[in-house]
Amino acid sequence: MQKLFLAALIVSVCTPAIMAQEPAKAGFSGIQSNLRFDNLETSKQSINSIPSNSRGAAGAPGGQSRCPRCRRGHDRTKVEVYGGYSFLLFDSFRTNNANINDILSTKVHLNGANLSATINFSRYVGGQFDFSIYKRREDFLSNGVTVNAEANIQNYLFGVQFKNNSEDGPTLRPFGHILAGVSRQKLEFDNLQITPVFVGNEFSLNRNSFAMAMGGGLDINLTDNFSLRAIKVDYLPVFVNDFDNQGVSFVRHTQHNFRAGAGVLIHF
């Protein structure tokens, strides 16, 4: 009897304690589940809150890093400077009705340099200054005497250039220009004795004449500030005054010169 009473007492005391622990466990598990769920929701919100154009800033299409106009603040190059080699095919150098091409043994051609600076007023039109210089020295025999000949030609030209100057334009950029100015031509001879045209040991000719240049070429854009001028070709007429047959008056003569060259172009 005493044993039954003791067993009933133990059951009556332990049962409420066990029942009280079960809700506590359930509540703790619920708290953990809620924490995991809240963390997951917070991570999703953080991912969704990232701006959609952040990938564009890293270089994806639509990002500002691929927009030269946004990066540099204007839509065209303002100034370009060119420098390079130039070859001049010279038509003739006449005085007193004598053609230097007939005196020299070969066709007159000169090697030189060409420089130009262009200020772009708009996307397609710019004002240009062009300078070129050519020199040649040659020795030849005349009447059994060695003659030293030296030619120096300088052209100072101004005009307009037509070209796509857009910063985001194509890689291949053809251009054209029309220029006008002055051609300074100097020719010197030592030991020249060709009768009846030239008589004397020294002869020198200096003249300034109106000149033009009409032509164009092709630029290859390599970077934002650097291009390669693959070819530049010009028809370069020079309008000079020559002596007539009597050597007492001037007559108009046109030199039909041509020049070609290539070089590098810096633009900004």
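Select tyrosine 235 to begin the tour: this residue is partly exposed, with a relative accessible area of 26%, a value that lies between the 20% under which a residue is called buried and the 50% over which a residue is called exposed. Keep in mind along the way that the model on your screen is predicted.

Select phenylalanine 131 and tyrosine 156, whose ring centres are 5.1 Å apart and whose planes meet at 45°, so the pair is tilted. Colour the strands and you will find that this pair links distant parts of the chain, with phenylalanine 131 in strand β5 (residues 125-142) and tyrosine 156 in strand β6 (residues 145-163), 25 residues apart. Tyrosine 156 counts as partly exposed, at 27% relative accessibility.

Select arginine 229 next, and show the rings of tyrosine 82 and phenylalanine 175 with it. The charged end of arginine 229 sits over the ring of tyrosine 82, 4.6 Å from its centre, and the charged end of arginine 229 also sits over the ring of phenylalanine 175, 4.1 Å from that ring's centre.

Move on to serine 86, which you will find in strand β1 (residues 79-89). Is serine 86 buried or exposed? Its relative accessible area is 2%, so serine 86 is buried. The side chains of serine 86 and tyrosine 134 are joined by a polar contact of 2.7 Å. If you leave aside neighbours within four places in sequence, the residues in contact with serine 86 include Leu110, Asn111, Tyr134 and Arg259.

Finish with the largest nonpolar core, which has 19 residues, and select Leu88, Phe90, Leu110 and Leu157, the residues with the most contacts inside this core. Strands β6, β7 (172-190), β8 (202-221) and β9 each supply at least two residues of the core, and the largest share, five residues, comes from β6.

Notes
Residues numbered from 1 in each chain as written. Predicted model: local features only at pLDDT ≥ 70, side-chain atom pairs only at ≥ 80, totals over all residues. Heavy atoms only, no water. Helix = DSSP H or I, 4+ residues; strand = E, 2+ residues; numbered from the N terminus. Buried < 20%, exposed > 50% of the residue type's maximum accessible area, 1.4 Å probe, protein only. Polar contact = N/O pair within 3.5 Å; in protein donor to acceptor, adjacent residues only side chain to side chain. Contact = heavy atoms within 4.5 Å. Phe/Tyr/Trp six-rings, centres within 6.5 Å; stacked < 30°, edge-to-face > 60°. Lys NZ or Arg CZ within 6 Å of the ring centre and 35° of its normal. Core = buried A, V, L, I, M, F, W, Y, C linked by side-chain atoms within 4.5 Å.
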